[in-house]
Amino acid sequence: NGSPSPTQNLKSLPLQNIGSIPQLFQPRDIRHDQIQSTYHIESLTKALEASTSQALDPILVWWTGDSWAVIDGHHRLLAYQAHRSSKKNRKCGHKHMSDKGIGRLPLEVPVVVFKGTIAEAILHSTAVNSHDKLPMSKDSKLTRAWQLVTVELKGITLKAISRSCAIHDRSVSNMRSVGNKAKAECNTEQLAELKSLSWKQANHWNKDTERPPW
C-alpha cells in the first residue's frame with residue numbers, strides 16, 4: 001500500500017535516510033555473533049578513517065513503500081554512523097571549530113537498490129550473509145532459518161529457506177514440525193515468545209516442560 005520509489009538509478013543516500021528493520025533483514029543473531037560483529041564494525045570504521053574517499057562497498061537497500069531499509073550492509077551502516085560520530089566529537093573538541101564545520105562532514109553513502117518483493121528481499125538478505133566475508137555461525141544460520149519458518153509470506157518456501165541459510169532441508173522440515181506443534185498447543189502470547197527464541201531454545205520448548213524440577 002506504499003508509494004513507488006521516489007528516485008531512479010539511485011547511487012547514494014543521506015546516512016540518516018537509511019533505516020534498519022533487523023527483525024526482517026538482519027539474519028545475524030547477536031546472541032551468537034556479537035564478538036565477531038563488534039570486531040568487524042571496528043575494522044570497518046578504521047578502514048573508513050584510513051580511506052581518502054571515506055566510502056565502503058555500497059549498501060544494499062530496499063524501498064519499503066515509505067522509506068529505505070538496509071537489507072545487506074548492516075555492519076557498514078553502523079561503521080558509517082560510528083565514523084561520523086567520532087568525527088563530530090573530534091571537531092567539537094577544538095575551540096576554533098564551529099557547528100558549521102560539523103555540517104561539512106560527508107553525508108551521502110554509496111548504495112545499490114534491490115528491486116523485488118518483501119519475500120525476495122528477506123531471502124536475499126539471508127543468502128548473501130550466509131556466504132559473506134564475515135561468516136555466520138552455524139547457530140546463527142539455524143536461528144535465522146527458524147525465524148523465516150515462522151514468517152508466513154508467499155515465496156518463503158522450505159527450499160528457499162534451506163538455500164538462503166545454507167542448511168539442510170531436513171533441518172527446515174524439523175523446524176516446521178516444531179512450529180506446527182506449537183501452533184496447535186500454544187496461545188498467541190506463547191507463540192510470539194517462541195518466535196523470538198533462538199532455534200536451540202525453540203527446539204527444546206516442549207521438552208523443557210517435561211523435565212522434573214532440578
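Predicted model: local features only at pLDDT ≥ 70, side-chain atom pairs only at ≥ 80, totals over all residues.
Now zoom out to the strands themselves. Val 61 belongs to strand E3, and E3 runs from residue 59 to residue 63. With E4, residues 68–72, E3 pairs in the antiparallel sense over four bridges. With E5, residues 108–113, E3 pairs in the parallel sense, over three bridges.

Next, is E3 buried or exposed? Five of the five residues in E3 are buried, so this strand is largely enclosed by the rest of the structure. Here's a bit of background: in a regular strand, side chains alternate between the two faces of the sheet. In E3, Ile 59, Val 61 and Trp 63 are on one side, while Leu 60 and Trp 62 are on the other. Those residues are all buried, and both faces of E3 are covered.

Let's take Arg 76 and Asp 72 to begin with. Their side chains meet in a salt bridge, at 3.4 Å from N to O, and both residues are buried.

Then we have Asp 139 and Lys 200, where the closest N and O atoms of the salt bridge are 3.5 Å apart. Asp 139 lies in helix H6, residues 138–149, and Lys 200 lies in helix H10, residues 199–202, so this pair ties together parts that are 61 residues apart in sequence. As for accessibility, Asp 139 counts as partly exposed, at 29% relative accessibility, and Lys 200 counts as exposed, at 52%.

That leaves Lys 159 and Asp 169, whose side chains meet in a salt bridge at 2.8 Å, N to O. Lys 159 is in helix H7, residues 158–165, and Asp 169 is in helix H8, residues 169–185, so the parts tied together here are ten residues apart in sequence. Asp 169 has 24% relative accessibility and counts as partly exposed.

Terms used: Residues numbered from 1 in each chain as written. Heavy atoms only, no water. Buried < 20%, exposed > 50% of the residue type's maximum accessible area, 1.4 Å probe, protein only. Helix = DSSP H or I, 4+ residues; strand = E, 2+ residues; numbered from the N terminus. Pairing = 2+ DSSP bridges. Salt bridge = Lys/Arg side-chain N within 4 Å of Asp/Glu carboxyl O.
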